Amino acid sequence: MSKSLNIALLGNPNTGKTSLFNSLTGLSQKVGNYPGVTVEKKEGVCKLDRTTKGYFIDLPGTYSINSSSIDESIVVELLLNKNNKDYPDLALVIADVENLKRNLLLFTQIKDLGIPTILVINMADQMKRKGISLDIPILEQMLETKIALVSTRENTGLDELKKLILNYRIISNKPLVQINSIDKKYFENLENAFPGQLLYKLWLIITQDANFGAIQRTLISDISKFQTKSKSEIKRLQQKETIKRYQFINSVLKKGLQIDKASATDFRSKLDRVLIHKFWGYLIFFSILMIIFQSIFSWSEVPMDFIDNCFNYLSSVTSNNLPSGVFTDLLSQGIIPGLGGIVIFIPQIAFLFLFLSILEETGYMSRVVFLMDRGLRRFGLSGKSIIPLISGTACAIPAIMSTRNIESWKERLITILVTPFTTCSARLPVYAILIALVIPDGYFLGFSYKGLMLMFLYLIGFLMALGIAWILTTTLSIHSKSYFVIELPNYKIPLIKNVALTVWEKTKSFVEGAGKIILAISILLWILASYGPGENFNQAENIIQKKYPELAEKEIELKTNSFKLENSYVGVLGRSIEPIITPLGYDWKIGIAIITSFAAREVFVGTLATIYSVQNDDNDTIKNKMASEIRKDGKLLFNLASGTSLMIFYAFAMQCMSTLAVVKKETNSWKWPLGQLFFMTILAYFISFLTYQILS
Amino acid sequence: MIPLSQLKFGENACIESIEIDKIPLKLIEMGCLPGNFITIIQKAPFDDPLYLKVDETHLAIRKETAKFIFVKLIK
């Protein structure tokens with residue numbers, strides 16, 4: 001018979017909670033240093049001994065059970081609801097050995113809920129260096145718990161922790177702090193009204209603005225009578241409670257903790273002096289960004305060319321060796337070029353995620369929040385908006401979810417609305433190929449024109465985000481309390497394992513997600529491009545031969561193919577929208593690519609790859625095919641004016657269905673995502689129009 | 001007794017009182033409580049936000065919040 005235990009992992013942000021979760025369950029997951037990275041529910045299984053399985057839930061990092069964000073309220077909702085299938089048999093509170101006092105606040109709260117709670121003290125490897133010594137037996141006795149000393153960095157203490165988990169029944173579930181001592185009379189009334197209920201639990205139901213729908217409904221309606229106290233009075237009691245808890249914690253630590261300040265080295269203050277310096281801090285930040293964008297572009301050039309050539313080779317091998325027919329054509333002209341259009345961008349995307357996860361892991365991101373708060377506030381944003389704005393360079397979806405720890409609703413809403421302007425990795429494929437086509441070679445102050453153009457595109461995305469934020473903050477009349485608190489954690493050397501896992505997972509999910517869409521669209525496109533209605537399509541060869549009787553066979557074939565494509569289903573569709581996009585410098589093929597890439601921007605390149613393969617089956621690279629496209633007036637289709645106009649269009653247009661879906665979810669209304677779609681498309685059209693007209 | 005927003009870089013102080021209705025509970029729970037020691041480690045340009053060390057915690061708050069925390073200088 002195998003048994004199972006539900007175990008909740010709790011702890012302050014930056015305590016290594018997620019690292020511990022990874023070590024225990026072996027499930028790969030993102031570990032960040034920015035407070036609040038864990039936003040989704042994360043579960044994992046670990047075999048504790050031969051017969052017992054532990055089901056771990058990694059709960060969002062929180063400083064206290066009193067929630068101040070949606071993520072944090074998940075914690076109190078789960079711990080108060082015994083009917084929840086995930087209700088824990090026991091809880092692990094993970095604490096950072098350097099911040100024991102503050103970490104114990106959460107510990108006392110969880111323990112007072114009557115849940116058997118084990119204290120896990122992490123970063124035990126740091127104790128000697130920081131001059132910290134702990135008297136574990138004294139701490140265990142005073143906190144009425146069992147303590148595990150672990151180091152997720154060095155993977156020590158996990159076996160002892162598993163043993164403690166298996167013996168969790170010996171841990172007392174008596175409260176540590178008597179909640180009724182903060183207001184005797186109030187709690188006496190409460191106790192009389194709800195005999196047999198845990199007072200601290202009642203107190204949390206009264207004070208927390210969380211969704212307790214699943215808890216006994218009668219309890220909730222009865223308890224509303226006790227919310228007679230004004231908000232201010234309740235807060236005073238909460239302060240009193242916090243003081244009581246700290247008094248208790250101080251008395252415990254006085255006996256169980258010793259810090260020898262002399263042996264503590266202060267690495268962080270030295271680094272902070274430079275990294276958040278009024279001048280150097282900003283210079284370093286912008287230099288880091290600059291280096292990141294330059295290296296994304298230059299480092300990935302070689303692997304990208306390699307991948308491009310591989311796919312062309314694959315295409316030609318398929319078409320030469322498989323028996324000719326519809327299926328072979330579909331494979332060599334539709335699916336392989338379409339997929340090649342996404343695989344080629346793996347190097348760039350992997351580099352981007354690599355840099356982002358290093359910035360997060362080291363603790364540098366929080367410093368950037370500090371540096372940027374004042375500046376961003378002028379635009380109606382919070383310093384914390386810098387995280388979505390920067391991580392939006394990877395993908396807007398996680399970026400929009402990471403706005404949840406912005407305290408003010410107005411600042412948060414504006415951040416959500418402007419985040420899609422930041423240049424996400426899906427735009428990279430579009431930019432990369434267009435820059436390669438239309439921006440000349442050459443150097444300015446040691447930076448290549450191509451790299452500078454890419455930087456410029458990132459910059460205008462960011463500036464547009466700020467500009468629109470400023471307009472929104474002056475026009476939207478939403479009143480919400482605004483405050484700003486952020487912890488600046490210790491600097492850490494990133495764990496290679498964590499960074500590698502993040503890069504691997506994010507790149508994989510990007511390729512899988514985009515791959516599915518692109519595969520479907522490639523097939524559909526190939527069909528629409530290979531068949532057409534009416535005489536023009538079916539009699540294409542005869543028509544062309546009659547029209548140009550003097551041409552050689554090879555030329556005739558080329559002309560026939562492009563005439564066929566123009567009269568295929570996709571051609572008819574594309575030409576019908578051509579009048580709208582001609583003023584921007586695009587032809588109908590680009591128009592089709594814009595339409596298909598509404599699903600996701602990166603589809604653009606795959607679409608063009610498929611269209612050009614159908615038109616001209618000579619297995620050249622996508623880039624060369626695009627470079628040889630000629631407009632009706634005989635000029636190159638992709639020139640500086642049309643190429644730049646196209647890049648500008650992609651910089652501002654809302655070409656991503658998944659982002660719209662996540663905005664709907666986070667704002668709980670269709671009003672905002674639809675407004676975004678409408679407004680951003682018009683803006684993109686207008687600015688691209690100007691760009692093309694000025695440059696051409 | 002002066003508001004924290006007027007505390008200078010490098011000065012050590014002790015929290016005397018806080019205006020509870022203006023201070024988020026989160027800040028109180030992170031250690032902004034009367035009796036705790038507080039130092040300003042760094043100020044961003046225009047002295048806002050402030051990078052503090054309260055008790056053992058390093059955190060940043062805006063000046064508008066710091067106005068409601070009152071401290072006494074320790075010589």
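I began with contacts inside chain A, where two residues are in contact if their C-beta atoms, placed from the backbone, lie within 7 Å.

I noted the ground rules next. This is a predicted model, in which local features need pLDDT of at least 70 and side-chain atom pairs count only at pLDDT 80 or more, while totals for chains, interfaces and linings use all residues. Residues are numbered from 1 along each chain as its sequence is written, and chains are lettered from A and ligands numbered from 1 in the order in which they are written.

I looked up burial in chain A. Of its 696 residues, 46% count as buried (20 or more other C-beta atoms within 10 Å of a residue's own, C-beta atoms being placed from the backbone).

I listed the elements of chain A: 32 helices and eleven strands. These are DSSP runs numbered from the N terminus, helices being H or I of at least four residues and strands E of at least two.

I turned to the open sheet. Its seven strands run β11(A)-β5(B)-β4(B)-β3(B)-β2(B)-β6(B)-β1(B), with antiparallel pairing. Pairing takes at least two DSSP bridges between two strands. The edge strands are β11 (485-487) of chain A and β1 (2-3) of chain B.

I checked where the chains join in this sheet. Three bridges link β11(A) to β5(B). Val485(A) has Ile61(B) as its bridge partner there.

I then checked a pair within chain B. Five bridges join β3 (residues 37-43) to β4 (residues 50-54) of chain B. Ile40(B) stands opposite Leu52(B).

Last, I looked at the interface: 28 residues of chain B are in contact with 31 of chain A.

Note on methods
Buried ≥ 20, exposed ≤ 12 C-beta atoms within 10 Å, placed from the backbone.
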